[in-house]
Structure formats: structure tokens, C-alpha cells
Amino acid sequence: MPKLFNATAPLLKRLFISLLLTLPCIGNAQAKEVLAVIVHPDTTVDSLTEEQVSRIFRAEQQFWPDNTRITLLIRAPVSQGRTMALQRIYQMSEQGFRKYWISKMFKAEVASGPRVMYSTGMAASLVNAVPGAILLVPFTNIPKNAKVLKINGKLPSEEGYVYSM
Amino acid sequence: MLNLRPLLTGIVTTNLFLALSASAQTEVSEDYVGLEYPMISAHGFGEARYYSEALNGKKDVTAGQQGLQLTAALSDRISGFAEFSLTFKDSDVHTDIERMIARYDFSDYLKLSLGRYHTPIGFWNATYHHGAWLQTTIDRPTLMKFGSQIVPIHFEGILAEGNLPINNFNLGYRVGTGTGVHNNITVNDNSGHHGETDGDDAFTLQLYTRPSFIPGLEYGLSYYTDTVNIESEADHEAGHDEDHEEEHLDDHAEGVELDFHNIDRDIEEKTVALHFALEQDSIEIISELVYWEHEYDIGPKTTNYGSGFYIQAAHQMEGRFEAFKPYVRLDKINADHDDILFAKDQSFESVTLGVRYDFTHSAALKVEYRNEQSGDKERLNSLVMQLSIVLPNVFSF
């Protein structure tokens with residue numbers, strides 16, 4: 001038994017050190033979970049506050065300042081962008097989110113709910129094509145040529161960005 | 001003043017959905033599936049219930065009320081809403097147009113619409129109404145109950161509404177004028193709906209806030225005034241208990257030379273309401289307070305005052321019981337027994353205890369115990385079960 005321990009000890013030691021070295025990387029990976037707010041390139045807004053984002057995605061605000069209708073786009077269930085949006089922006093469960101929009105339409109406060117995007121490619125294509133469109137995407141999935149908004153004055157790449165998880 | 005019923009039935013009903021196809025030809029802006037106009041969606045709401053009354057052993061199983069809501073965005077500015085109901089009561093089926101609204105959105109600050117609405121008084125009346133699945137409990141609060149005699153459930157006319165984001169408080173308003181559709185005066189026609197009597201100069205104003213910093217919170221103030229025509233007071237009073245009719249007439253006629261019983265008089269109606277609603281995933285607290293004043297427009301000054309409130313609290317459980325949502329509601333209405341507007345005594349109090357079980361995303365089973373007393377009647381204990389469903393939008397959220 002002691003022989004076996006002696007033989008494996010260096011290996012276990014190396015494994016332990018490797019794990020310790022890896023931990024900060026795992027921490028960084030988690031810190032990289034950042035939600036970006038992207039809009040149609042012609043949108044006249046460059047920056048929003050956290051409260052404005054909440055108001056827009058809850059359809060309390062339905063027009064941009066230039067009076068263009070806001071079109072809400074959201075990724076399909078289970079996607080990372082959707083999960084992050086529900087947690088951080090809506091603060092609702094999937095069921096709560098669904099009920100919220102059925103209720104919103106039932107009250108005749110909106111004529112349609114958010115449009116569901118089934119792939120990153122579809123989302124990227126539509127947010128650039130539909131005037132007034134707005135979409136929440138993970139920072140790592142920001143499409144090319146997308147217009148990324150500052151939230152509370154900061155871009156997703158900057159320290160202290162509000163939608164970092 | 002504004003009698004828009006012929007306009008609604010003759011023009012809106014017919015043309016609203018015919019306009020869909022015409023608009024489709026002119027308003028298409030994006031060639032993407034699901035993003036081109038018109039965008040039409042439909043939601044169906046259904047229920048079935050079992051009722052058991054402890055006092056006299058009465059039991060009943062009924063299909064209750066089924067609703068269909070159609071929503072059409074005709075362009076980025078023009079939209080239409082329609083809601084129809086099918087009510088099963090005893091062996092009768094009653095159909096009704098609950099809402100029919102055509103709206104033009106100028107901006108967030110101003111949206112102008114025309115049609116038939118659920119009167120924006122308080123919270124419940126315009127929030128849940130015929131969507132049994134949407135509401136946590138089986139029934140509405142008694143203030144807004146089926147064929148309510150207190151809150152004018154429907155309103156036909158013109159409505160302006162909008163939002164003003166002031167310091168993240170999200171102030172909202174709704175102001176309208178038209179015809180108040182009362183279900184108060186004539187007695188129940190056994191179809192589930194009371195006969196309707198119209199007020200001819202209804203005015204409604206609601207101010208509310210939905211603060212961004214507390215998601216799910218709304219509180220506000222509503223004011224409603226109307227002049228209700230009573231074509232025949234004799235018909236109105238036929239709804240009162242005979243025991244109180246003679247006393248009622250004596251009170252009204254006391255010291256008056258004219259016999260106002262045989263003269264058509266109007267009733268000035270004023271209603272003020274406060275509401276508070278917090279709807280979040282785990283907690284729900286809804287409360288409304290309604291105060292009213294009813295007064296004859298001519299003749300001896302007869303004024304009735306009354307008030308009512310309810311408070312409802314619910315908690316969505318967690319972990320393995322997350323599909324369960326226990327709730328409690330207290331209802332209380334203080335009304336004059338011989339209120340000049342009501343066909344019968346509206347005094348009421350009740351305690352409701354229940355649990356909602358969402359066994360799928362689109363269906364819920366609710367079980368309720370109720371202890372309630374209407375007017376001078378004997379207190380009732382009852383058990384009610386309801387299966388409520390939503391047939392979701394053709395689009396997936």
C-alpha cells in the first residue's frame with residue numbers, strides 16, 4: 001500500500017497544482033458571461049440606462065425617440081441569450097415570461113409579443129434588417145456589423161458593465 | 001352623448017377584419033416570416049368547474065365561460081383587438097362581444113382608440129376578466145363579479161392612453177368618454193348576463209405607475225362618472241325584495257308633492273377606485289378599494305354612498321412543489337340596502353382559501369373553499385374546483 005501511494009503521489013500532486021492553476025481561468029470564463037444589447041444600425045440611440053432596457057423589453061416603452069416602432073427579438077427557450085435575458089432583464093421564470101406576454105396581449109397593451117429567433121444567424125440577420133429591432137445576445141455571439149448599445153454609459157467590453165454575470 | 005354601439009356593430013365588427021387583407025397589401029415592410037403585417041394572433045381561454053354548496057347540498061358541474069381573443073397588428077401604428085365569450089349556464093349558451101377595439105398609436109405618449117372596452121376602473125376589470133387561466137383564483141372579486149352591479153364592466157367610446165416615463169416611475173394614463181354599459185338595472189335574464197342599461201355621458205380617467213425599480217408593481221387611481229338612464233323605475237325596483245319596496249318608496253317620496261315614481265329620472269353615478277398590484281414569480285398581492293356615490297338628477301335629493309374592497313395574496317411554492325400556489329382573498333362590500341342604482345342589495349363579505357396547481361404550462365387546476373355572506377342571506381360554505389386552460393398564441397413566446 002505505501003508503495004502504491006509513493007508511486008501515485010507525484011501524479012496527484014501535479015494534478016492538484018494543475019487544478020489550482022485552472023481555477024482562475026474558470027472564474028474568468030464565468031465573468032465573461034456578458035449580455036449585450038444590440039439594435040438595428042439605423043437606430044438613433046447609442047446608450048440606454050438599465051431602467052430603459054427593462055422598460056423596453058417589458059413593452060412599457062414601444063417607440064424609439066425618433067418614433068420608430070421598437071421590434072423586440074428574443075432567442076428561443078434554452079438558449080443562453082434567452083436564459084440570461086429572463087434572469088437579468090425580465091427577472092422571470094420561463095412560465096412567468098409566457099404568462100406576462102399573454103396577459104399583456106389580453107390587456108390590449110401590445111398587438112404582438114417578442115419575435116422568437118431560433119438561431120444566432122437568424123437573430124443576426126433580422127436585427128440588422130428590421131428597423132427598430134432590438135435583441136439581447138451573449139457578448140460572445142454579437143453578430144458582425146451589429147450596433148451595440150452602451151448601458152449606463154458602458155459597453156459590454158468595459159469594466160463595470162451592468163449585464164455581466 | 002356618444003352612442004357608438006351602431007358604429008361598433010355595423011362598422012368595426014365588419015370592417016376591422018376585412019381591413020386585414022387590404023392592409024396586408026400595403027403595410028408589408030419586411031419580407032420575413034412572422035415579421036410582416038398584418039400580424040394576427042389568437043388566444044383561447046377555457047374553463048370547467050365543479051361547485052358544491054354545504055348549506056343545501058347543491059352541486060353542479062358546468063362548462064363555465066370560454067373566451068377567444070383576436071389581436072391584429074395591421075401596421076406598426078394600427079391594431080385591432082376583439083374578444084368573444086361563450087357562457088354556459090344551466091342549459092343555455094350565451095355569446096357576447098366582450099371587446100372590440102381599433103387603435104392608432106401615435107407614440108408612447110398617445111394611443112387613441114375607439115370601441116368597446118372593459119372599463120379601466122381599478123386593476124382586475126381590465127387585466128384578467130374573461131381569462132380564467134390568467135387569474136390565480138377561480139372567480140373575480142365580488143366587486144367585479146359576473147354581471148357586477150357596482151363597477152360598470154363595459155364602456156363604449158373613445159379612449160386615449162399613454163405612458164410618461166418620469167423618473168423611472170412609468171406613469172400611465174387612460175382617459176375616455178362615451179357610453180357606460182351597466183348591467184345594474186334589469187334583473188338577470190338567466191343567460192349569465194344581466195340586461196344592459198346605458199349611461200349616456202360616461203367619463204373615465206385612470207392614472208397608474210409601474211416603477212421600473214420594482215418589476216411587477218402597479219398602483220393607481222381611477223375615477224368614473226356617468227348618468228344612468230332608468231327607463232322605468234318600476235322595472236328597476238322590481239328587483240328589490242318586496243319586503244323593502246314599500247319602505248324604499250316611502251323614503252324617496254317623503255315630503256315631495258310630485259310622484260317621481262312615475263317620472264323617468266337619471267342617476268348621477270360617481271366611482272373612485274384605488275388599486276395596488278404586485279405580481280412577481282414568487283409572490284402576488286392585489287388589492288382594490290372602490291367608493292361610489294349615486295344620486296338622482298332631479299327631485300328629492302336621495303344619495304347613496306358605498307364602498308368595497310378586496311385583498312388577495314398568493315405565494316408560488318419552490319422546489320418539488322413549485323407548481324402549487326396557495327392563496328387567500330378577503331372581499332367586503334358595504335352598500336345601502338336600497339341604493340337607488342342597484343337592483344338588489346350588494347352588501348357582501350367573504351373569505352376565500354385556495355390552491356392553484358399548474359400541471360402544465362397551459363392548464364391549471366384550482367380548488368377553493370369559500371365562506372361568504374350576501375346581504376341578509378344566510379352565510380354559505382362552498383367548495384369549488386376549476387380546470388382552466390389557455391390555448392396559446394399561434395406564435396411561441
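**Conventions.** Residues are numbered from 1 along each chain as its sequence is written, and chains are lettered from A, and ligands numbered from 1, in the order in which they are written. As the model is predicted, local features need pLDDT of at least 70, side-chain atom pairs count only at pLDDT 80 or more, and totals for chains, interfaces and linings use all residues.

**Sheet of chain A.** I looked up the strand order (strands are DSSP E runs of at least two residues, helices H or I runs of at least four, numbered from the N terminus). Five strands form an open, mixed sheet, β4-β3-β5-β1-β6. Strands pair here if DSSP finds at least two bridges between them. β4 (115–117) and β6 (147–148) of chain A each have a single partner strand, so one side of each lacks a neighbour in the sheet.

I then checked β1(A), residues 35–39. Two bridges join β1(A) to β6(A), and the two run antiparallel. Ile38(A) has Val148(A) as its bridge partner in β6(A).

**Helices across the sheet.** Angles run from 0 to 180 degrees between N-to-C directions, with axes fitted to C-alpha atoms, for helices over the stretch in contact. Contact means C-beta atoms, placed from the backbone, within 7 Å. α3(A), residues 80–90, lies across β1, β3 and β5 of chain A, at about 100 degrees to β5(A). α5(A), residues 120–129, lies across β1, β3, β4 and β5 of chain A, at about 145 degrees to β5(A).

**Chain B against chain A.** I found 36 residues of chain B in contact with 32 residues of chain A. On the chain B side, β1, β3, β4 and α2 each supply at least two residues. β3(B) gives the largest share, four residues.

Note on methods
Two residues are in contact if their C-beta atoms, placed from the backbone, lie within 7 Å.
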